[in-house]
Amino acid sequence: MKKIDVDGGNDKNKGNIVKTINIEKLIFNGNESISAFVRSSKIPLSLETVRRAAKNGDINTFTLFLILKYLGLSLSEIKEYLELAGDKELHPFLGGDQPLTPDEDALLSCYRKIKQIRPSFEIHIGDFLKMSSDMAGIDLSETIAIIKGEK
C-alpha cells in the first residue's frame with residue numbers, strides 16, 4: 001500500500017469522513033502538480049475540489065474514492081484508505097482485486113456490445129444462459145433474473 005498520512009483529529013464538518021487525510025504526497029508521486037494530475041487523469045472532479053482535498057484535507061469519502069481510483073490504486077488499496085478514513089459506506093462494497101480472465105473479459109465485452117446495440121436482447125441472452133445452465137445442471141436463476149431485468 002502506498003504511504004498516506006492520516007491525521008487522527010476528528011472534524012465533523014467535513015461530510016462523511018471522520019479523519020482528515022492528506023493526499024498531496026500521493027498526488028505528487030508521479031505528477032508535477034495537482035493541475036497536471038487533474039489534466040492527465042481526466043478525473044471527473046474540478047481542479048479546485050482536488051486542490052482543497054490535497055492541500056486542506058477538505059474531502060469526503062466519495063471524493064477520496066475518486067481521487068484514489070484516478071491515481072491508479074488497486075481496489076484493495078482504495079478499500080484500506082477508505083477504512084483508514086473512517087468510511088462506513090463505500091469500503092464494504094469494494095472487494096479484493098480479482099481481475100477477469102481473458103475468456104471472462106471477452107464474454108463481458110460481447111455482452112456489452114450486444115446490449116449497446118440491441119438492449120432488448122438481454123432477455124435472449126438470459127434465455128440462452130438459462131438453457132446453458134440447465135444443460136450444465138446448475139441453478140443460475142437468480143443471476144439470470146438480474147440480466148433479464150426481472151430483479
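Student: In this predicted model, how many residues apart are Asp 134 and Lys 130 in helix H7?

Tutor: Good place to start. The two side chains meet in a salt bridge, with N to O at 2.9 Å. Both residues belong to helix H7, residues 122–136, and their spacing is about one turn of the helix. Asp 134 and Lys 130 are 4 residues apart.

Student: What is the N to O distance between Arg 51 and Glu 48?

Tutor: These two sit 3 residues apart in helix H3, residues 47–56, so about one helical turn separates them. Arg 51 is partly exposed at 31% relative accessibility, and Glu 48 is partly exposed at 36%. Their side chains meet in a salt bridge, N to O, at 2.6 Å.

Student: How many salt bridges does the count come to?

Tutor: The cut-off here is a side-chain nitrogen of Lys or Arg within 4 Å of a carboxyl oxygen of Asp or Glu. Among the pairs that qualify are Asp 134 with Lys 130 and Glu 122 with Lys 115. By this rule the count is 5.

Student: How are H2 and H3 oriented to each other?

Tutor: The axes of helix H2, residues 34–41, and H3 come within 10 Å and cross at roughly 130 degrees. That angle makes H2 oblique to H3. The handedness of the crossing is right-handed. In short, the orientation is oblique.

Student: Which residues of H3 make the contact with H2?

Tutor: From the H2 side come Ile 34, Ser 35, Phe 37 and Val 38. Counting both helices, the contact divides into 6 nonpolar, 1 polar and 2 charged residues. The H3 residues are Leu 47, Val 50, Arg 51, Ala 54 and Lys 55.

Student: Which helices do the buried residues of H2 pack against?

Tutor: The buried residues are Ile 34, Ala 36, Phe 37, Val 38 and Ser 41. Of these, Ile 34, Phe 37 and Val 38 also belong to the contact with H3. The buried residues of H2 pack against H1, H3 and H4.

Student: Which residues does Phe 28 touch, beyond those up to four places away in sequence?

Tutor: Phe 28 lies in helix H1, residues 24–28, and counts as partly exposed at 33% relative accessibility. Phe 28 and Ala 54 are 26 residues apart in sequence, with 9.7 Å between their C-alpha atoms. The residues Phe 28 touches are Ser 33 and Ile 34.

Student: What is the orientation of H4 and H5 to each other?

Tutor: Their axes come within 10 Å and cross at roughly 150 degrees, in a right-handed crossing. In the contact, Thr 61, Leu 64, Phe 65, Leu 68 and Lys 69 of H4 meet Ile 78, Tyr 81 and Leu 82 of H5. By class, that contact has 6 nonpolar, 1 polar and 1 charged residues. The orientation is roughly antiparallel.

Student: Which residues is Thr 63 in contact with, leaving aside neighbours within four places in sequence?

Tutor: Thr 63 is found in helix H4. Its relative accessible area is 12%, so Thr 63 is buried. The contacts of Thr 63 are Leu 45 and Thr 49.

How values were computed. Residues numbered from 1 in each chain as written. Predicted model: local features only at pLDDT ≥ 70, side-chain atom pairs only at ≥ 80, totals over all residues. Heavy atoms only, no water. Buried < 20%, exposed > 50% of the residue type's maximum accessible area, 1.4 Å probe, protein only. Axes fitted to C-alpha atoms, helices over the stretch in contact; angles between N-to-C directions. Parallel < 35°, antiparallel > 145°, perpendicular 65-115°, else oblique. Left-handed = near helix turned anticlockwise from the far one by under 90°. Contact = heavy atoms within 4.5 Å. Nonpolar A, V, L, I, M, F, W, Y, C, P; charged D, E, K, R; others polar.
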